[in-house]
Amino acid sequence: MKDRKDIVVSDEEMAVQKGYISAIRDALNREMRYCIVTLGCQMNAHDSETIAGMLDQMGMTPAESREQADLVLYNTCCVRENAENKALGNVIWLKELKALKPDLIIGVGGCMMQEEGMGEKVRKMYPFVDLAFGTHNMYRLPELLYRVICEKQRAIEITREDGGICEGLPVHRRNNFSAYINIMYGCNNYCSYCIVPYVRGRERSRDMDKIVEEAKALADSGVQEIMLLGQNVNSYMGGGAHFAELLYRLDQLDIPRVRFMTSHPKDISDELIACFGELHHLCKQLHLPVQAGNDRILSQMNRRYTREQYLDKVRALRAVCPEIGLTSDIIVGFPGETLEEFEDTVSLIDEVRYDAAYTFIYSPRPGTRAANMPDDTPMEEKSRRIQRLIEHQQRITTELCTRQIGRIEPVLVEEVSARDAQCVGGKTERGHMVNFAGEPSLIGRIVPVKITSAGKNTLRGEML
Ligand code: SAH
Ligand code: SF4
Ligand code: F3S
């Protein structure tokens, strides 16, 4: 195991990057507008907030759209092939924009860039990309941008070595009431289908005191909800402290809602389960991806739990917190999955009754173990299976929504409703979206709402 000193980027290195931020700010003699396009998961969304924080400090301002920007940065994902195709397609589209606007600076970062050979590919095949970086060296963006803006050079830099933890980077948060906090980086699980361990590196946990410090500052600024982020938060180990301990410390702060993602079922400890019965601020909601309901497939996926062990965890959670809302990720059409094995996933959905499930057709990822497994199920059959699963889950989601009618729920108001400007929308503690008549000034507040009706996936209510 690496020494903690080695997994935190040194103060000296951070100071060098700060120096480049100041140098760019001093050198910019024109307005420079940036647009960051984020693909992928919450981890990437939060990385984009950090990138925006750095660009703000350089004196740049956010643009309304890509077309109006002087700097466009793509923060990419590669978890499935279509995510990668989308990222590449978007980047190629920028080539045309650059033809109209030769001064446009184009940058690509994130998980896709961290894939084997991607740096070389971009260097050779996408000459219009000025700047590229991976997940491990994102904190070096100021230096790379300096090369592009001030030295008029291309800066393509991907490092293979796992990135260190950076403390003290500026963050431009998406809003002032709900905030992401990274608690760990990387993943050690190597589920056989998954590319994340290869592009995000080994597990590294942030120091508990640093996390609490960040959360406290957010509490002081009036934040109502924090979402703790990690690929597998249950194996958090910050200076010897476990995840449940971190949750207890955060429960002391004046933040009404604490959520986290993602939890690996094999690592859900009794202590963590107990948190759902004991902590005041922990929301009654858990994303607990099962991936499949059949033991042979789970073993092929290297998930390291059986269907029964998963169901045991669900029962234990419901014993301490009967109201808990569960959501899941499910992969359909894993190599060699038979129809009977797929039916086990359908029956598991029936047993658990998730509030929602995110379903994906298996996508082979180069370099992962499953990519070499024989897969003779035709795509049409996989499409039929996923369709069946989606319809099945939809019925359960709607039933569970209907059960909320008549309840009075605290709702954190997030936005003006997209469909009706007289309405606002927000989430219950359990994670259901509720729309109700209300003023935009309610955004960022937690208000009591009586649930009056249910749609397919969302609720309607009246503010009390
Ligand atoms: N660390 C998290 C999430 C990782 S990626 C976890 O373990 O839950 C998010 C989801 O994408 C996974 O839960 C999985 O359902 C899906 N996924 C990952 N790799 C995939 C692949 N190769 N094909 C299809 N879906 C995949
Ligand atoms: Fe991927 Fe598995 Fe790690 Fe999640 S736990 S990121 S699915 S390897
Ligand atoms: Fe995609 Fe990277 Fe997240 S591959 S799902 S953006 S960790």
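Two strands pair if DSSP finds at least two bridges between them. Strands here are DSSP runs of E with at least two residues, helices are runs of H or I with at least four, and both are numbered from the N terminus.

This is a predicted model: local features need pLDDT of at least 70, side-chain atom pairs count only at pLDDT 80 or more, and totals for chains, interfaces and linings use all residues. Residues are numbered from 1 along each chain as its sequence is written, ligands are numbered from 1 in the order in which they are written, and side-chain values use heavy atoms, with hydrogens and water left out.

I start with strand S15 (residues 325–332) and strand S16 (residues 356–361), which pair in the parallel sense over six bridges. Which residue in S16 is the bridge partner of Ile331? The partner is Phe360. With helix H12 (residues 339–352), S15 and S16 make a right-handed β-α-β unit. Right-handed means that, with the strands pointing away from the viewer, the path from the first strand over the helix to the second runs clockwise.

Next, an open sheet. Three strands form it in the order S7-S10-S13, with parallel pairing. At the edges are strand S7 (178–182) and strand S13 (257–261), each pairing on one side only. S7 is joined to strand S10 (residues 225–229) by five bridges, and Ser178 stands opposite Glu225 in S10.
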